[in-house]
Amino acid sequence: MQHQQTPWQHRTVLLHEAVDALWDDATGPLPQGRYVDATFGRGGHSRLILSKLGPDAALLAIDRDPEAIAHAKQGEAAIRDPRFHIAHAPFSQWAEAAEAQGWGAVDGLLMDIGVSSPQIDNPERGFSFRFDAPLDMRMDTTSGESAADFLARASLDELADVIRTYGEERFAGPIARAIVARRDEGQPIRTTAELSAVVARAVKTREPGQDPATRTFQALRIHVNRELGELEDALDSALRMLAPGGRLAVISFHSLEDRIVKTFIARHSKEEVDRRVPFAQPRPLLLKSIGRIKPSDEEVAGNPRSRSAVLRVAERTGTPWSPELVAAASPRDAGKAAKAGKPARASGKGARK
Ligand SMILES: C[S@@+](CC[C@H](N)C(=O)[O-])C[C@H]1O[C@@H](n2cnc3c(N)ncnc32)[C@H](O)[C@@H]1O
């Protein structure tokens with residue numbers, strides 16, 4: 001795919017709310033710290049952050065989509081600011097990208113997860129059933145397996161598992177069987193229109209106004225991009241890399257993602273004493289929860305894609321990071337992570353492509 005400026009625009013969601021959440025007093029002196037925007041997209045948040053940062057501050061932006069990187073570097077919209085750095089990477093590796101800048105800690109991490117409008121609206125990317133196109137769905141078009149390749153090789157159980165878990169699709173079994181039947185007939189699915197047609201035949205009923213393929217497309221996108229595992233890895237790194245008082249601000253658009261963020265913040269910000277143990281000491285906490293923000297009615301009216309957005313904000317405490325402390329918080333979370341929806345075979349940590 002060519003690195004060209006696309007005509008598709010992205011309207012940044014929760015622009016001011018997310019940027020203001022990155023430091024304690026947005027009306028105070030200009031922050032001088034080091035900040036990371038792990039989802040550059042078209043740079044809506046990055047540009048506002050830069051407009052607020054002091055002269056000695058720095059911003060590292062990251063995106064796994066080469067088109068986003070090209071947008072930051074080339075053409076009229078390029079960001080030419082010595083305080084700005086950009087890296088092509090998955091955000092699970094944001095800490096490594098920051099370390100490559102020589103940064104040992106950061107003062108704020110912003111993540112506006114999911115896909116950008118240019119990705120969905122560009123028919124070539126294969127994210128949408130609204131256009132007929134090769135079924136790709138990779139945010140990083142330079143690596144990994146496309147959705148079509150996954151459909152061509154996955155087992156029946158794996159397909160059903162992915163569609164059920166990531167799409168929360170009742171008809172996952174019939175859809176998976178239909179995909180495999182087509183493959184067995186020597187006609188593997190290669191395009192968005194072919195997938196839509198197969199799904200439409202397998203789905204018996206649908207909520208009013210929802211395309212039968214909506215849930216299957218969502219599931220494949222999440223799987224192909226390992227979206228939930230990426231998020232978990234990025235959050236884990238925040239515990240280690242955020243300086244005391246550093247802020248974490250995450251915008252999610254889906255309940256599967258929001259549950260991961262909510263559980264993560266709660267796990268590291270809620271004191272729990274084991275009452276069965278006499279004189280038990282509370283576990284030192286790594287985060288303080290700052291709050292949850294939804295887009296205003298006005299924003300939703302002007303940008304319907306913001307409807308499902310949720311911003312969660314937390315602040316790193318002064319408790320030094322240690323693997324033991326993180327591990328101590330994790331056993332309680334095992335059950336919650338399972339509920340957050342990770343198929344046993346299809347994905348999860350370690351399932352990198
Ligand atoms: C909702 S858009 C961000 C829009 C941006 N805040 C703006 O105002 O223009 C999400 C972006 O995050 C990127 N992205 C999603 N998951 C990613 C991941 N795991 N690693 C790196 N980038 C990712 C996508 O490629 C997309 O460009």
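1. Axes here are lines fitted to C-alpha atoms, for helices over the stretch in contact, and angles run from 0 to 180 degrees between N-to-C directions. Keep that in mind for the helix pairs below. The model is predicted.

2. Start with helix α7, residues 156–167, and helix α8, residues 172–184. They pack at an angle of about 140°. Their axes are 8 Å apart. That makes α7 oblique to α8. The crossing of the two helices is right-handed.

3. Which residues make the contact between α7 and α8? On α7 they are L156, L159, A160, I163, R164 and G167. On α8 they are A172, G173, I175, A176, R177, I179 and V180. By class, this contact has 9 nonpolar, 2 polar and 2 charged residues.

4. Helix α7 also packs with helix α10, residues 214–224. The angle is about 100°, and the axes are 8 Å apart. Angles of 65 to 115 degrees count as roughly perpendicular, so α7 and α10 are roughly perpendicular to each other.

5. The α10 contact draws on V162, I163, Y166 and G167 of α7. From α10 come R215, T216, Q218, A219, I222 and H223. The class count is 5 nonpolar, 4 polar and 1 charged. Note I163 and G167: both are listed in the contact with α8 and in the contact with α10.

6. Next, helix α11 (residues 227–241) and helix α12 (residues 255–269). Their axes come within 10 Å and cross at roughly 25°. That makes α11 roughly parallel to α12. The crossing is right-handed.

7. What does each helix bring to the contact of α11 with α12? Helix α11 brings L228, L231, E232, L235 and L239. Helix α12 brings L256, E257, I260, F264 and H268. These residues divide into 7 nonpolar, 1 polar and 2 charged.

8. Strand β5, residues 242–252, pairs with strand β7, residues 310–316. The sense is antiparallel, over 6 bridges. I251 stands opposite L311 in β7.

9. Last, the ligand. How many residues surround the ligand? There are 21, and the closest are T12, T39, G41, G44 and R64. Both α2 (44–52) and β2 supply at least two residues each to this shell. By class, the shell has 6 nonpolar, 9 polar and 6 charged residues.

Methods: Residues numbered from 1 in each chain as written. Predicted model: local features only at pLDDT ≥ 70, side-chain atom pairs only at ≥ 80, totals over all residues. Helix = DSSP H or I, 4+ residues; strand = E, 2+ residues; numbered from the N terminus. Parallel < 35°, antiparallel > 145°, perpendicular 65-115°, else oblique. Left-handed = near helix turned anticlockwise from the far one by under 90°. Contact = placed C-beta atoms within 7 Å. Nonpolar A, V, L, I, M, F, W, Y, C, P; charged D, E, K, R; others polar. Pairing = 2+ DSSP bridges. Near = placed C-beta within 6 Å.
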